[in-house]
Amino acid sequence: MTAANGGRVDPPTGRPPAARRSLRRAFGTFATGVTVVTVGGEQPHGMTANSFTPVSLDPPLVLVCVDKSTVMHTCLDNTPVFGVSVLAAGHSELALYFADSRRPVGLGEFAGIAAVSGERTGVPMIEDALAWFECELWQKYDGGDHTIVVGRLLSFAQPAADRALLFHNGRFSATGPDREVLP
Ligand SMILES: Cc1cc2nc3c(=O)[nH]c(=O)nc-3n(C[C@H](O)[C@H](O)[C@H](O)COP(=O)(O)O)c2cc1C
């Protein structure tokens, strides 16, 4: 890894901002799918996350890495259950919405979003997602500026069969023989 040190230091990491940007670019070469992590209750909330990883079949575990500065991080301190919806190729706008800090909070956040309540948790799940995972908190691990949140599955389903939304080098695309770059 190369990083130019311009003499300025970014307090959270001790690294200069240029190094932080170049590390982010290097991480971004790892192509992923895209999910929306959700919590329910009186203040439902959703957050786009590409750090989702299936972990274990027995017991059935998944993980997501949640930035400690996010609203979602606070939400996950206050609820034992959460949902993960795996996004389809047509969901790039939805992914941008749930990554936009200007989106409304509370019930208004899901106004106009096609979501259904998870059977086991009541957590909002994206209606035409490729997969749903309803989870109860299994374990949390410190992951630097993120927390690694491991969930044990309470239920899963595959509501839609479609191409997957991908995230690579900071851009959305889709699986399939003719990969197209989406806006
Ligand atoms: C494609 C994509 C993937 C993202 N993945 C993650 C992730 O895995 N973990 C995370 O904490 N933030 C991730 N983010 C950033 C959050 O979605 C974004 O900071 C969001 O506004 C946080 O919401 P909140 O603070 O309202 O909870 C991602 C953003 C995008 C566009």
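Because the structure is a predicted model, local features require pLDDT of at least 70 and side-chain atom pairs are counted only at pLDDT 80 or more, whereas totals for chains, interfaces and linings use all residues. Residues are numbered from 1 along each chain as its sequence is written.

The secondary structure of the chain comprises 3 helices and 12 strands; helices (H or I, at least four residues) and strands (E, at least two) are DSSP runs, numbered from the N terminus. Of the 183 residues, 29% are buried. A residue is classed as buried if 20 or more other C-beta atoms lie within 10 Å of its own, as exposed if 12 or fewer do, and as partly exposed in between, with C-beta atoms placed from the backbone. Among contacts with a separation of 6 or more, 59% involve residues 24 or more positions apart; two residues are in contact if their C-beta atoms, placed from the backbone, lie within 7 Å.

An open sheet is formed by 7 strands in the order β3-β2-β6-β9-β10-β5-β4, with antiparallel pairing. Two strands are regarded as paired if DSSP finds at least two bridges between them.

Within this sheet, β5 (residues 60–67) is paired with β4 (residues 53–57) in the antiparallel sense over 4 bridges. A hairpin of 2 residues joins β4 to β5, and Leu57 has Pro60 of β5 as its bridge partner. The loop between β4 and β5 contains Pro59, which is joined to Asp58 by a cis peptide bond with omega of about 0°. Strand β5 also pairs with β10 (residues 146–157), in the antiparallel sense and over 7 bridges. In this pairing, Val66 is bridged to Thr147 of β10, and Asp67 stands opposite His146.

A further open sheet consists of 3 strands in the order β1-β11-β12, again with antiparallel pairing. Its edge strands are β1 (32–33) and β12, each of which pairs on one side only. Strands β1 and β11 are connected by 2 bridges in the antiparallel sense, and the bridge partner of Gly33 in β11 is Leu166. The loop between β11 (165–168) and β12 (171–174) holds Asn169. Although not a glycine, Asn169 has a positive phi of about 50°. Most residues other than glycine have a negative phi, and most peptide bonds are trans. Asn169 is exposed, with 10 other C-beta atoms within 10 Å.

The largest nonpolar core contains 36 residues, of which Val37, Val64, Val84, Leu87 and Ala129 touch the most other members. Such a core is a set of buried Ala, Val, Leu, Ile, Met, Phe, Trp, Tyr and Cys residues joined through C-beta atoms within 7 Å. In soluble globular proteins, nonpolar side chains tend to be buried together. Neighbours within four places in sequence aside, Leu87 is in contact with Val34, Thr35, Val36, Leu94, Ala95, Ile126, Ala129 and Leu165.

The ligand is surrounded by 16 residues, the closest being Ala49, Ser51, Asp67, Thr70 and Met72. Elements that give two or more residues to this shell are β3, β5 and α2 (71–77). A residue is near a molecule or strand if its C-beta atom, placed from the backbone, lies within 6 Å of it. The shell comprises 10 nonpolar residues, 5 polar and 1 charged; Ala, Val, Leu, Ile, Met, Phe, Trp, Tyr, Cys and Pro count as nonpolar, Asp, Glu, Lys and Arg as charged, and the others, Gly among them, as polar.

Two residue pairs separated along the sequence were also examined. Gln139, in strand β9 (residues 131–143), is exposed, with 11 other C-beta atoms within 10 Å. Gln139 and Leu61 are 78 residues apart in sequence, and their C-alpha atoms are 9.9 Å apart in space. Gly41 lies in the loop between β2 (35–39) and β3 and is partly exposed, with 13 other C-beta atoms within 10 Å. Between Gly41 and Thr121, 80 residues apart along the chain, the C-alpha separation is 9.4 Å.
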